[in-house]
Amino acid sequence: MSEAGARDPGLQPERTRLAWRRTTLSGTVAAVLAGKTALHEGPSAAGVTVCAMCCALWLCFLTVAHHRIRALATPPDEPPPPLAPHLATAAALCTLTLAACGAALLL
């Protein structure tokens, strides 16, 4: 590759990888707090169900994030592949549903 056509990614892939890690950590905190809220006054069927749903959603998001973090670990001279639409949709749905489950526990 010529010098003029060489890709200079800068720190963009690293920033994106760190953003995925921060988002995963935020989802972890939300799932743990949802579990704590659900089981605070003793386990109920609804509380345990919502807690299990939060854990499943967190695992789904963790899988998508791990896939994306690995995809961003490309050699510096190659651009990282774009996020597949089905993975972007899964990440968005997991995030929104996890937020809805957390809100349901507070009501």
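Before going on, the model is predicted, so local features need pLDDT of at least 70 and side-chain atom pairs count only at pLDDT 80 or more, while totals for chains, interfaces and linings use all residues. Residues are numbered from 1 along each chain as its sequence is written, and side-chain values use heavy atoms, with hydrogens and water left out.

Thr24 is found in helix 1; helices here are DSSP runs of H or I with at least four residues, numbered from the N terminus. Thr24 has a relative accessible area of 11% and is therefore buried. The classes are buried under 20% relative accessible area, exposed over 50% and partly exposed in between, with a 1.4 Å probe and protein chains only.

Ala19 also lies in helix 1. Its relative accessibility is 27%, so Ala19 counts as partly exposed. From the C-alpha of Ala19 to that of Ile69 is 9.6 Å, with the two residues 50 apart along the chain.

Now the helix pair. Helix 1, residues 12–39, packs with helix 2, residues 45–72, at an angle of about 170°, and their axes are 9 Å apart. Axes are lines fitted to C-alpha atoms, for helices over the stretch in contact, and angles run from 0 to 180 degrees between N-to-C directions. That angle makes the two helices roughly antiparallel, the term for angles over 145 degrees. The residues of this contact divide into 16 nonpolar, seven polar and three charged. Nonpolar covers Ala, Val, Leu, Ile, Met, Phe, Trp, Tyr, Cys and Pro; charged covers Asp, Glu, Lys and Arg; the others, Gly among them, are polar.

In helix 2 we have Arg68, which is buried at a relative accessible area of 10%. Neighbours within four places aside, Arg68 is in contact with Trp20, Pro81, Pro82 and Leu83.

Last, helix 3. Which of its residues are buried? They are Leu87, Ala91, Cys94, Leu98, Cys101 and Leu105. Seen down the axis of helix 3, these fall within an arc of 100°, so they line one face of the helix; the arc is that of the directions from the helix axis to the C-beta atoms. What covers them includes helix 1 and helix 2. The face turned away from the buried side of helix 3 carries the exposed residues Pro85, Leu93, Leu96 and Leu106.

How values were computed. Angles under 35 degrees count as roughly parallel, over 145 as roughly antiparallel, 65 to 115 as roughly perpendicular and the rest as oblique. Contact means heavy atoms within 4.5 Å.
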